[in-house]
There are 2 protein chains.
Amino acid sequence: MSNLDSKLTEYAEKFNAVLRNFLNSLKCEPKILADSLKYSLEAGGKRIRPSMMFAAGELLCVDRTELEQYALALELIHTYSLIHDDLPEMDNDDYRRGKPSNHKVFGAGNAVLAGDGLLNTAYSILLSECRKGNKYVAASEFICESAGIYGMIAGQSADLFFGAEGQINEEILGYIYENKTAKMLTAPLVVPAILTDGKYYSELKLFGINFGCLFQLTDDILDVEGDFASLGKSVGKDKKEDKCTAVKLFGLEGAKLRADILADKCLKILNGVEGDTSFFEQLVLYTLSRKS
Amino acid sequence: MSNLDSKLTEYAEKFNAVLRNFLNSLKCEPKILADSLKYSLEAGGKRIRPSMMFAAGELLCVDRTELEQYALALELIHTYSLIHDDLPEMDNDDYRRGKPSNHKVFGAGNAVLAGDGLLNTAYSILLSECRKGNKYVAASEFICESAGIYGMIAGQSADLFFGAEGQINEEILGYIYENKTAKMLTAPLVVPAILTDGKYYSELKLFGINFGCLFQLTDDILDVEGDFASLGKSVGKDKKEDKCTAVKLFGLEGAKLRADILADKCLKILNGVEGDTSFFEQLVLYTLSRKS
């Protein structure tokens with residue numbers, strides 16, 4: 001196991017313990033509501049956002065216990081976005097992480113509510129942190145902005161709109177990548193920076209945006225080159241649905257070249273950060289060549 | 001114009017000014033996202049939640065400017081819930097407030113995102129209040145709990161589940177009424193109470209729950225006795241879809257009797273509150289005999 005793999009496993013295990021505590025405390029009714037929330041939260045996934053947050057915490061010497069509830073809120077928001085994204089009227093995906101999507105198991109009505117419930121619960125968690133003081137409010141607000149109508153939701157809306165219009169250019173693609181994907185991958189790095197009153201705030205924010213765009217670029221490449229067994233979700237969908245992707249705009253080789261350039265940019269940004277940044281360097285290289 | 005009407009008009013106008021400010025500051029892209037949010041927020045409605053909050057503020061001597069952002073957040077949450085509720089996989093309603101539902105105008109995918117966007121923006125507003133201190137955090141948390149998986153979402157989930165099951169009894173009906181409707185009508189009263197450090201907290205909470213159940217009861221009665229022109233939404237839907245309602249469980253006369261009992265209870269609770277409670281008394285009597 002590489003150093004990155006072992007770190008990712010360690011962080012994911014630590015996060016899953018936090019998640020288990022949360023799930024054990026879940027007492028909502030009717031049972032189908034609790035079941036549908038649990039189903040998607042327990043479906044696995046790499047827990048990349050919590051892992052990035054814990055790694056950034058180590059880099060900046062922020063105690064992990066300070067970050068756990070933020071990591072939980074972020075993962076809840078990420079999971080809600082997947083549930084709503086998979087709905088028939090959105091991306092219409094029957095599989096997620098190798099399992100039937102939430103709406104295939106519980107029906108679309110319950111899936112809408114499961115997503116709403118996760119989003120609302122994420123804010124219940126983020127509001128609880130606010131009593132600790134203003135920097136905790138600022139951290140909660142950063143996550144909120146990353147997820148909202150000037151962040152992820154704007155990206156999803158643009159993806160849906162320009163995909164349906166068949167309209168695409170570099171500016172639109174950049175807007176979609178940055179908002180739909182990159183902002184929610186930036187938040188895990190910026191939250192620890194805010195809790196240290198701004199240590200490497202700009203560098204980590206810039207790294208997050210570029211890394212997030214790299215992540216989405218390689219996701220688009222995998223939609224062409226990947227297979228269902230490794231990805232746990234349908235492939236070849238972007239082309240079928242004529243989605244706005246880098247592959248469509250630049251071709252497969254053009255997209256790969258851009259991924260290389262973004263990876264270089266990420267590594268250069270890390271050069272300006274003191275301390276052990278090897279986790280993030282390895283994460284960039286892994287993402288560049290990822291198969292899932 | 002009755003005293004209640006003139007008060008409701010006054011509060012709605014004051015709220016609409018707050019809403020206009022918010023809408024003018026909305027700069028999200030793509031345009032369809034902003035348009036879909038605005039469409040549902042501007043569709044009118046009685047602004048009953050903001051009005052109740054402003055009235056409770058007057059009763060408890062809380063400055064209205066202290067409440068405006070909470071009222072805005074509540075109305076955003078209420079509006080998101082209507083958009084998601086009207087979706088084909090939920091209540092499948094083509095009309096709302098006399099106009100085509102959000103998904104009929106923008107498509108179901110955009111309607112999902114419009115709802116998500118409103119919910120997220122409500123929390124952006126509630127988080128902004130948190131810097132003012134702990135009682136402001138508590139007020140935000142009360143709204144969050146009223147809207148979430150131990151509040152409105154639980155009620156919607158139960159409504160969907162037990163409706164589909166054809167299962168109904170008094171306990172289930174009470175759970176649905178209290179969670180789906182009453183908690184979001186309690187929050188406008190409890191927020192001002194929290195901001196006064198708890199003045200009449202219990203009384204206003206109890207009034208809100210009973211008033212909310214009365215409100216839902218008369219809504220169910222209107223679904224049988226009302227007409228599209230007054231209501232601006234489809235009628236006769238509960239029976240067609242075999243929904244859990246008081247009319248189904250107790251019959252029309254039985255439902256009306258229960259509405260009378262709830263109204264009496266509301267008025268009795270108000271007797272225990274000092275100051276001018278005439279707005280709320282009139283609101284109870286209006287709700288009991290409402291035609292829309």
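## A pair of packed helices

In this predicted model, helices α3(B) and α4(B) cross with a right-handed sense. α3 covers residues 48–59 of chain B and α4 covers residues 64–86 of chain B; their axes come within 9 Å and cross at roughly 155 degrees. Because of that angle, α3(B) counts as roughly antiparallel to α4(B), the cut-off for this being over 145 degrees.

Which residues make the contact? On the α3(B) side they are R49(B), P50(B), M53(B), F54(B) and G57(B). On the α4(B) side you will find R64(B), L67(B), Y70(B), A71(B), L74(B), E75(B) and H78(B).

## The fold of chain A

Now let us look at a whole chain. Chain A has 14 helices and 2 strands. Along its principal axes, the C-alpha trace of chain A spans about 50 × 45 × 40 Å. A compact globule of 292 residues would have a radius of gyration near 19 Å, so the 18 Å of chain A agrees with that expectation.

Of the 292 residues in chain A, 51% are buried. Contacts across the sequence tell another part of the story: among those in chain A between residues at least 6 apart in sequence, 72% join residues at least 24 apart.

## How the two chains are related

Chain B can be superposed on chain A by a rotation of 180 degrees, with 0.0 Å of shift along the axis and an RMSD of 0.0 Å. This is the relation of a two-fold axis. Both copies use the same surface, since 100% of the contact residues of chain B recur in chain A.

## Where the chains touch

In the contact between the chains, 41 residues of chain B meet 41 residues of chain A. Four elements of chain B each give two or more residues to its side: α2 (31–41), α6 (108–129), α7 (134–147) and α8 (152–165). Which of them gives the most? That is α6(B), with 13 residues.

## A closer look at I125(B)

Is I125(B) buried or exposed? It has 21 C-beta neighbours inside 10 Å, and a residue with 20 or more is buried, so I125(B) counts as buried.

Leaving aside residues up to four places away in sequence, I125(B) touches Q69(B), L72(B) and A73(B).

Technical notes. Residues numbered from 1 in each chain as written. Chains lettered and ligands numbered in written order. Predicted model: local features only at pLDDT ≥ 70, side-chain atom pairs only at ≥ 80, totals over all residues. Rg over C-alpha atoms; globule rule 2.2 N^0.38 Å. Buried ≥ 20, exposed ≤ 12 C-beta atoms within 10 Å, placed from the backbone. Contact = placed C-beta atoms within 7 Å. Least-squares fit on C-alpha atoms with pLDDT ≥ 70 in both. Axes fitted to C-alpha atoms, helices over the stretch in contact; angles between N-to-C directions. Parallel < 35°, antiparallel > 145°, perpendicular 65-115°, else oblique. Left-handed = near helix turned anticlockwise from the far one by under 90°.
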